[in-house]
Protein chains: 2
Amino acid sequence: MIRAMSVPSFMDLALMAAAEAGKSGEVPVGCVIVRNQEVIATAANRTRADHDPTAHAEILALREAAAKIGSERLIDCDLYVTLEPCTMCAGAISLARIRRLYFGATDPKGGAVESGVRFFDALSCHHRPEIYSAIGESAAARLLHEFFQERRQWAPRLSVAGDPLKPLAAASPYAPSKLASLLTGRPGLYEKSQTDLPPACFVPHP
Amino acid sequence: MIRAMSVPSFMDLALMAAAEAGKSGEVPVGCVIVRNQEVIATAANRTRADHDPTAHAEILALREAAAKIGSERLIDCDLYVTLEPCTMCAGAISLARIRRLYFGATDPKGGAVESGVRFFDALSCHHRPEIYSAIGESAAARLLHEFFQERRQWAPRLSVAGDPLKPLAAASPYAPSKLASLLTGRPGLYEKSQTDLPPACFVPHP
C-alpha cells in the first residue's frame, strides 16, 4: 500500500531551522531562500554563536544565496522567514531585490514591514517585494513564546542572591557561561539571562 | 627643527578606505569603528567583489569589530562612515548598540538617519546612538560625485550600438565583464554599466 507523504513547505523548512536555533540558545527565527522551486539557502539566527549583531536568519540566508548564484541581486528569488523582518533585514531584502517575501509571526516591537517604519512603503525604499504575511504564523509564534517563557523561568533561578554561579565558577575550570551550560543543559542560557531580560528579572527574590 | 605632523582623523581613515574601494569599482563608502581611541575595524563597500548585497562598509566593519571583541554588542564603540547609513545599516548600528555615529555626506535618496525612514527617531528603534553628521562631508561627497561621473562617462561608450563587447567576447576566452576590465583597466565597470545606470545611458548615440 502506498501512503501519501506530507512534503514540508518552504515555511516548514524555515520553522525547522528556527527550532534548531532555539535549541542552541539563539532566538528561534529561521529563513530559507527559494529559486526555481529549489531551496538555495537555509539559515537561522546565529548572533550569539558568531558574536555578530548582523547574524539574523535573513542576512545569513541572503549572503549564502548571493554567494551561491554569484550575484548580489536575487531578482528571481523568494524569501521565507518565520518572523516579520526587522529594519536591518527589511533593508537587506530590498537591496537584494528579493521577488517575494513570506513571513510568519508579526513583530510589533521590532518588525519593519507591517510594524515600525514599514520600510517597504517608504519613499526611500527602491525595491518592494511582493509580501505575504501570517504564513505559518501560529507555529512561529509558539516557538518564540516557548523560548522566551523558558528563559524567564530560568533567569530568576540563576540570579537569586546576585550571581550564584560566580563562587562555583571561581572553583571550577569553566567560565560561568560554560558552567551554566553544563548545569542546565542549555548552552548560552546564562549569558542571555544576564543581558537580555528586563532588569526586574535580576532582582534577588525574597 | 621639529615640524608638527598632521595625524589623520578617524574620518580621514574612513575616507581613505572609501577611496580605495572606488578604485576597485565599488561605490566609494568607507567605515572605521573605534574603541578606546583605537581603530578596531576598517571596511569599505564590497558588494560587487563579494557578490553580497549586505556587504556595505558599516555591516562589514560591525562584523569585524564584534568578532574582535568577542561580543555582538559594541556598547563602547564609535562608528565613522563617509555616507549617511542606509536603512539596513542604520538597523545594524542600532542592534550593535554603537555609542556614537559620525557620518559624512547625507544621502537623501537612500539614507535612513536624517533622510528616509529616520530610523533612530522611530518608536521601533530600541537603541539610538549619539549622532554627529557632516563630518568630512565635502570630501566624502566629492569621492562619490567623481565616481558616478566617471561611470556615466564610460557607460555610453560601452553601450554604443547595443552591446559592442558581445561580438568580441564571443571570439574571446573571457566573459564580457572580464574583457571590459582588460580593455578599460576598470574592473567591474562593464557589469555596473549594464545594471546600475539609468536606462537613458544605454540608448545608442546618433
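This is a predicted model: local features need pLDDT of at least 70, side-chain atom pairs count only at pLDDT 80 or more; totals for chains, interfaces and linings use all residues.
Residues are numbered from 1 along each chain as its sequence is written, while chains are lettered from A and ligands numbered from 1 in the order in which they are written.

**Helix H3 of chain A**

- Helices (H or I, at least four residues) and strands (E, at least two) are DSSP runs, numbered from the N terminus.
- H3(A) has 13 residues and spans 18 Å from its first C-alpha to its last, close to the 18 Å expected at 1.5 Å a residue; that expectation is 1.5 Å times one less than the number of residues.

- Five strands form an open sheet in the order E2-E1-E3-E4-E5 (chain B), with mixed pairing; two strands pair if DSSP finds at least two bridges between them.
- Strands E2 (38–44) and E5 (130–132) of chain B are the edges, each pairing on one side only.
- E3 (77–83) and E4 (100–105) of chain B run parallel over 5 bridges, and Leu79(B) has Leu101(B) in E4(B) as its bridge partner.
- Helix H3 (57–69) of chain B packs on the sheet, touching E1, E2 and E3 of chain B, and its direction makes about 145° with that of E2(B); axes are lines fitted to C-alpha atoms, for helices over the stretch in contact, and angles run from 0 to 180 degrees between N-to-C directions.

**How the two chains meet**

- 30 residues of chain A are in contact with 30 residues of chain B, contact meaning C-beta atoms, placed from the backbone, within 7 Å.
- H4(A) gives the most to the side of chain A that touches chain B, with 6 residues.
- Chain A can be laid on chain B with an RMSD of 0.0 Å by a turn of 180° and a shift of 0.0 Å along the axis, superposing by least squares on C-alpha atoms of residues with pLDDT of at least 70 in both.
- The two copies are thus related as by a two-fold rotation axis.
- Met88(A) comes closest to that axis among the residues of chain A, at 1.9 Å (C-alpha).

Definitions and conventions:
Two residues are in contact if their C-beta atoms, placed from the backbone, lie within 7 Å.
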